[in-house]
Amino acid sequence: MNSELRQRLLGEAVVRAAEHPADVATAVGAGMAKVRRKIAWGSVIAVAVALALTAAFVAWRIAVIPPPPALESIAVTSASQALRPEATIALTATGRYSDGSSRPLGDGVEWSSSNPGIATVDGAGVVTAVAAGSAELTATLAGVSGKLTLAVLGTDGAGLTALHVSPETATVDPGGILQLLAEGTFSDGSRGNLNDSALWSSSNPAIARVDGRGLVTAVAPGTARVSASQEGLQGSSTITVPDAPKPTITAVSVNPAQLTLKEGQTAQLEAVATYSDGTSAAVGNATWETSPPGSKIADVDPTGLVTARRTGSLAVVATVPGADGQLLRGQAELTVVPSVKSIKVSPAGPLQPEPGGSVQLRAVVFYSDGTTGSDVEWSSDRPLIASVDGSGLVTGVREGDAEITATADGVTGNPVTVLVRTSPD
């Protein structure tokens, strides 16, 4: 369609709409209804397709991945179904499943006894015989149960046919303890606890000693055989006591932890290791450094000897190798203060006070950083001639000559001569 024809048709449409507006509204309404019907049918078709796909996926999962097999029964077994009072035995629960498989059951199994006065059972399925009689022991999981009837026999009648000590081997650290169990097998098939009735002994009590009920105490490194004997039968356990583990370094500190030095002074630091057994001791394998490294405030040599160089503060760090290559660090906080360079005492003297008279001396301390102070210690070489107090006040005592000095940090100022004389009348 060419542009001229299209324009003519549009023009006629506009005229038609102006003359018959109702026709246009009808046409538009009919068009909208048709569109709505198409959209509705499209939604229905989409939902139907989604449902069909979901059903197909579920069917595929059921066909390809079958549900897990269901537990159908539980069998409870033990090494013996007859015990004597105080004897113990472990029960085993085995599950049989709908696919024909079977496997031991562990976590989640609930154990119970029909008569705890005859036999008790703990959460791990270990039974302890209490008194003569019969008890039914039950294992339950996921609503399925299995049972075992246990007989607890009296102590008379049957003879002892075998004796076993458990565990057969064990390792116990020095100072540790271990309770051994002596069990007997009797002619009637029952099992009994013989800890009280058996005779216990150790092949080397200096390594492992045992008391009358089978309680072993590890004494020193080595190996010993601990035996239980009764009615000519014997069972034993081999006890190994290993060397005590060497304590490892758990922390490092520096002694002293804080110190103040004057410029030029030195101090010896030591690295102290704290060990896993709670002890501590100085160690000589520390690596020493200042923090920040290369500081001009102080330096430290490989032995931990610190030399103060200029005023300021820094840390001196000791590094010691610990377990598994770990590096442990400790540090001391060092402050370097100015040192005394010289002391000037005035008046310079000589002074000539009379006995009982006094003269005031003053001292100026010159420090390495250019500052000054007055903190000195005063002294007289002949205090019976002339004494001096802490403020530098000199007092004549009797006639004679004396010398007064002022000292700070080992530096002595100019001495002042004092001539105590009695003035002529």
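Strand β3 pairs with strand β7 (residues 126–129) in the antiparallel sense, with three bridges between them. In this predicted model, you can find that pairing by looking for Ala90, whose bridge partner in β7 is Val126.

Strand β1 (residues 71–78) runs antiparallel to β3 and is joined to it by seven bridges. Thr77 is the residue that stands opposite Thr92 in β3. Strand β4 (residues 102–104) also pairs with β3 in the antiparallel sense, over three bridges, and here Arg96 has Ser102 as its bridge partner. β3 and β4 form a hairpin with four residues between the strands, and Gly100 takes a positive phi near 90° in that hairpin.

Most residues other than glycine have a negative phi, and most peptide bonds are trans. Against that background, Glu231 has a positive phi of about 55° without being a glycine. Glu231 sits in the loop between β18 (222–230) and β19 (233–241). Is Glu231 buried or exposed? Its relative accessibility is 60%, so Glu231 counts as exposed. Asp324 is another non-glycine with a positive phi, again about 55°. Look for Asp324 in the loop between β28 (312–321) and β29 (327–337); with a relative accessible area of 84%, Asp324 is exposed too.

Then come the cis peptide bonds. One runs from Ser166 to Pro167, with omega near -5°, and Pro167 lies in the loop between β10 (160–166) and β11 (169–171). Another joins Ser346 and Pro347, with omega about -5°; Pro347 belongs to the loop between β30 (340–346) and β31 (358–360).

Finally, the largest pocket, which has a volume of about 160 Å³. Glu231 turns up again here, as one of the lining residues. Others in the lining include Arg84, Pro85, Thr155, Phe186, Asn193 and Gln230.

Conventions: Residues numbered from 1 in each chain as written. Predicted model: local features only at pLDDT ≥ 70, side-chain atom pairs only at ≥ 80, totals over all residues. Heavy atoms only, no water. 1 Å grid on protein atoms, 1.4 Å probe; cavity = no way out; pocket = protein on both sides within 12 Å on 5 of 7 lines; lining within 4 Å. Points joined across faces, edges and corners; volume = space filled by probe spheres on them. Helix = DSSP H or I, 4+ residues; strand = E, 2+ residues; numbered from the N terminus. Buried < 20%, exposed > 50% of the residue type's maximum accessible area, 1.4 Å probe, protein only. Pairing = 2+ DSSP bridges.
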